[in-house]
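Colleague: Please take me through one part of this model up close: the charged side chains and their partners. I'd like the whole story in one go.

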Amino acid sequence: MWAIKGSCAALLLLLLAYISVPSVNADSLSAPLNVTIKALEGNSAIVTWEILEGDPVIGFAITQQKKDVRMFRFIQEVNTTTRSCALWDLEEDTEYIVHVQSISMSGTSPPSETVLFRTPKESEKLASKSPNEVTMEEVGQAAQLRAGELIIIVVVLVMWAGVIALFCRQYDIIKDNEPNNNKDKAKNSSECSTPEHPTGGLLRSKV
């Protein structure tokens, strides 16, 4: 009887130890640090974070929700070492709450400190932009316009050069044919003229 009770107690202890191992390892995983929102746009943003060196992190989980709204979006990715994630389909002029968790083989870390941010209005962003500020997109568009203008100018110059070369060739042909035309005109005029008869003689008829 005592042997059976001892066996049951040993099995119970082993079961408790097996169940408690993942929770201990998961609890030892630190929450992400320095969670920051970058590249904030009206409809998108990028969240970045850091982890403690030595944490066996294999992925991350992000919870995103609107302030004062119960519905939320859950983003999870494993087998990655990235420390950033893009947030998309956001609404302009809206407050959002975000927190990040690290994922290891044994579970997830506690959530990071909650980060609250607000998406700007597109009109506010345009108004806050300095008149002298030039974005990379605008630089690319200007470069494309310059390239297009240069191509058009080159094509027009090539066409004009071709027209001028054709004109010069036709002019040379016409100029070379002028002496031959003058000779032909002189020959035709001499053949068509009336022959002159000698004067001072009388024509006699044979009887």
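**The charged cluster**

Modeller: Let's start with lysine 67, which counts as partly exposed because its relative accessibility is 34% (buried is under 20%, exposed over 50%, partly exposed in between, with a 1.4 Å probe and protein chains only). Bear in mind that this is a predicted model, where local features need pLDDT of at least 70 and side-chain atom pairs 80 or more, while totals for chains, interfaces and linings use all residues. Residues are numbered from 1 along each chain as its sequence is written, and side-chain values use heavy atoms, leaving out hydrogens and water.

Lysine 67 meets glutamate 95 in a salt bridge, 3.5 Å from N to O (a side-chain nitrogen of Lys or Arg within 4 Å of a carboxyl oxygen of Asp or Glu). Lysine 67 sits in the loop between strands S3 (59-66) and S4 (72-78) and glutamate 95 in strand S6, so their pairing ties together parts 28 residues apart in sequence (strands are DSSP runs of E, at least two residues, numbered from the N terminus). Glutamate 95 is partly exposed too, at 26%.

Glutamate 95 also bridges to arginine 118, with the closest N and O atoms 3.6 Å apart. That links strand S6 to strand S8, where arginine 118 lies, 23 residues away.

Arginine 118, partly exposed at 43%, has another partner: aspartate 93, at 2.8 Å, N to O. Aspartate 93 is in the loop between strand S5 (84-87) and S6, 25 residues from arginine 118, and is partly exposed at 31%. Put together, bridges with shared partners join Lys67, Asp93, Glu95, Arg118 and Lys121 into one network. The whole structure has five salt bridges.

How values were computed. Helices (H or I, at least four residues) and strands (E, at least two) are DSSP runs, numbered from the N terminus.
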